[in-house]
Amino acid sequence: MVPLWMFLVVSAAVFCIGVYGVLSRRNAVAILMSIELMLNAVNINLLAFWRFVAPQNMAGQAFAAFVFVVAAAEAAVGLAIVIAVYRNRRSVIVEDVNLLRG
Amino acid sequence: MTAAVNEWAFIGVFMSVAWILPTLPLVVSWLFRPRRANAIKLQTYECGVETVGDTWVQFKVQYYIYGLVFLVFDVELVFLFPWALAYNQLSFFAFGAGLLFIFLLADALIYAWRKNALEWA
Amino acid sequence: MLELNASTLVFFIFAVLSIGGALGVVMSRNLIHGALFLIVSLFGGAGLFVLLAAPFMAAVQVLVYIGAIAILIIFAVMLTRSMTNMREVFNRQWWVSAIAAVILLAVLIVGVALPVWGPNGTQGDMVLSETTATIQDLGVALVDGNQFVLPFELASLLLTAAMVGAIVIARDNE
Amino acid sequence: MPEVCDNIISTLAPCLVQSGTNPDVAQFISILLGVALIASFPLLLVIFLIWVERKIAARVQDRLGPNRVGPFGLFQNIADALKLIIKEDITPAGADRLIFNVAPVIAMLSVILIWAVVPFTPYNIGADLDIGVLYFVAISSIGTLAIMMAGWSSNNKYALLGAFRVVAQLVSYEVPMVLALLVPVMLASSMSMQDMAFAQLGMWFIVLTPVSAFIFYVSNLAETGRAPFDLIEAESELVAGYNIEYSGMKFGLFMANEFMHAFTANLLFAVIFLGAWAGPGATSVPILGFAYLMIKTAIVYVPSLILRATVPRVRIDQMMAFNWKFLVPLAIVNVIVIAFVLKLVQVLGIAPSPENASDFVANIPQMVALLLGNAVILAAAFGLIRGTVRKERLTEAARLAKRVQIEGEKEALPATVATH
């Protein structure tokens with residue numbers, strides 16, 4: 001079996017790629033996709049620690065399930081906001097959308 | 001443990017081999033079929049008239065709403081399947097917990113229904 | 001440290017899928033390609049879950065992420081026509097973000113791969129327990145009054161709230 | 001030794017080890033052989049299935065169907081396949097070539113992969129995963145993705161629009177299907193397909209939960225795009241949907257996939273609700289179990305073919321309303337009621353114990369209780385439907401009456417003006 005740290009390295013790499021995507025992309029949908037990547041990295045981490053450290057305890061799997069819920073809620077509401085903003089501003093580029101700046 | 005590993009090894013081999021079967025007729029067809037393409041033939045098919053405008057026409061938001069309701073129910077199953085699986089070992093309290101869970105989601109469906117979000121119009 | 005056997009090979013295949021797909025998501029110009037790369041990355045993640053003896057989570061990953069979230073993202077891309085005006089993919093501070101991400105990655109890798117902050121599983125002799133909790137145990141834990149019953153109900157509430165909110169936001173009010 | 005090597009499929013690995021092969025290699029060879037068998041079986045079957053479907057449709061419509069190539073036209077589909085192979089294949093200009101070519105393969109893969117978890121006999125199953133039911137739901141959802149890919153990559157607005165319609169239909173009907181599957185999982189206390197087959201030795205689940213079986217069957221019809229839900233193809237008004245730009249063998253793959261998917265869905269129905277291989281003598285003679293499974297599948301498959309040839313297509317708004325306003329609420333109520341009855345049965349102590357679960361008589365009290373629950377659900381659902389239909393008819397009649405009245409007034413108007 002592959003050691004724990006290799007799973008963690010994969011998870012860290014996916015997470016950092018997600019961070020880069022969130023910080024650098026201009027399109028709101030692309031940013032949401034990057035956030036999904038980060039949440040997936042979190043899940044890999046949770047399950048890796050669950051398997052290697054406490055496989056008899058249910059916490060790792062239960063937490064991963066809750067991460068799924070959060071990811072789904074985030075995607076649903078986030079994409080709905082993107083659609084609503086597009087309807088009003090005809091743009092999904094985050095820099096064009098500065099309603100709060102007044 | 002080893003038994004489960006074997007089952008997943010089967011799935012792994014299946015996934016890495018099974019795609020060959022549908023690809024095979026495509027390859028055979030690629031070897032034998034004629035190639036006489038021209039610009040007119042490769043045009044987008046649209047009832048015989050030339051296509052007008054962009055392919056990315058504006059779609060109704062209704063499609064998104066259906067996807068949304070589906071997503072919510074799909075995630076619900078993450079919890080309901082373990083619940084159903086362990087149901088025989090659970091106490092009556094578990095039935096109540098599952099009932100509350102389902103009721104909260106049914107609320108969402110009723111809301112969507114009341115707001116006419118489920119109409120195809 | 002690392003013997004080359006079937007499980008190692010499978011791990012590397014899924015790791016490459018995971019990371020390569022993730023790179024595809026942030027790099028691709030075409031958002032539909034991005035969504036498909038996201039699916040590749042998540043599929044790699046599902047493979048890793050199977051290796052970690054959590055096949056239920058792998059199935060859920062395919063079902064929820066690939067079957068639902070990816071479809072939703074593709075719908076949203078089509079609805080907002082984000083395909084068309086994509087001249088500049090990245091914003092002006094993209095290089096700052098790149099440096100930040102690389103530094104974060106370096107720190108994380110040092111943290112997990114080198115034993116600077118205590119023992120961390122790099123030891124090759126770490127014994128893996130053969131018995132793991134089953135999905136039945138998860139089902140029991142989810143409705144157990146002492147464990148996760150409150151988060152369980154809250155998850156349902158969160159989903160309901162998300163659905164109501166998203167319907168209110170996304171619908172045309174005309 | 002001969003006694004080890006008598007059953008070639010299930011004992012190939014030990015047999016090879018005995019003749020001096022490395023155990024890992026022997027394992028791999030046996031897995032590979034199993035994969036090749038299971039993966040190619042549906043593909044060979046589909047040629048026969050298309051023939052069956054054309055023959056039955058012809059019989060319903062008082063035609064002969066294919067009858068020229070081979071005995072009873074049996075080889076007609078082989079001729080068709082040959083024709084598709086040598087046909088020119090057009091990739092439209094502006095299409096996304098890679099995705100366009102990969103989509104039909106993925107669509108077909110999403111059906112073939114399901115066969116890995118089908119228990120053919122008590123001893124022969126590709127992979128007896130402990131998440132079998134969830135596995136097949138997850139794999140089917142990849143098929144949805146393939147349709148999206150096909151529709152998008154064609155660079156054709158009608159293909160894209162068709163793909164959107166199909167995906168909306170498929171994801172909608174997945175909800176009641178999976179909700180209905182919760183009940184067999186509850187009854188079997190397992191998600192493994194083989195465990196589910198064993199749990200039905202005493203009593204088939206269709207007897208215990210007819211409502212779940214009904215929901216599963218109907219949503220399967222929609223999932224596979226069968227009449228009356230065949231809006232995917234809709235040949236009389238849409239010509240085709242997402243696959244409009246496909247030609248040659250790639251189109252052939254999509255078409256064959258549709259037939260294969262329909263059969264696979266009925267196969268799963270037979271496994272989950274009709275006891276899979278269960279039948280007299282199935283445990284001692286495995287091949288008999290396989291025959292039983294195929295017969296059971298045919299029993300549910302043929303009515304769906306006759307249904308296809310007889311009923312008209314529903315409108316898309318009716319289809320969506322039927323799903324979200326009838327099937328999904330029904331499935332939710334079904335889960336709640338069955339859960340309640342099961343707990344009640346357990347508390348009262350009339351549930352069959354694990355020892356006598358495969359005994360028919362021990363199952364009878366539980367069956368009666370569950371059937372009562374199902375009857376209540378069905379009566380309520382039927383009452384609701386009747387109420388809705390009556391209301392709909394009344395509003396429709398009122399609308400018509402109003403229109404008649406308005407038109408009558410219009411005609412009457414000049415006359416009244418003239419009298420003044």
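User: What makes a run count as a helix, and how many are there in chain B?
Analyst: DSSP decides: a helix is a run of H or I of at least four residues, a strand a run of E of at least two, numbered from the N terminus. Chain B has four helices and zero strands. Its pattern along the sequence is α-α-α-α. Chain A has three helices and zero strands. This is a predicted model: local features need pLDDT of at least 70, side-chain atom pairs count only at pLDDT 80 or more, and totals for chains, interfaces and linings use all residues. Side-chain values use heavy atoms, without hydrogens and water.

User: Why is chain A called more spread out than a compact globule?
Analyst: The globule rule is 2.2 Å times the number of residues to the power 0.38, and the radius of gyration is taken over C-alpha atoms. For 102 residues the rule gives 13 Å; chain A has 17 Å, well over that, so it is more spread out than a compact globule. Its C-alpha atoms fill a box of roughly 50 × 25 × 20 Å along the principal axes.

User: What makes a residue buried, and what percentage of chain A qualifies?
Analyst: Buried means under 20% relative accessible area; exposed is over 50%, partly exposed in between (1.4 Å probe, protein chains only). By that test, 69% of the 102 residues of chain A are buried. In chain B, 49% of 121 residues are.

Definitions and conventions: Residues are numbered from 1 along each chain as its sequence is written. Chains are lettered from A and ligands numbered from 1 in the order in which they are written.
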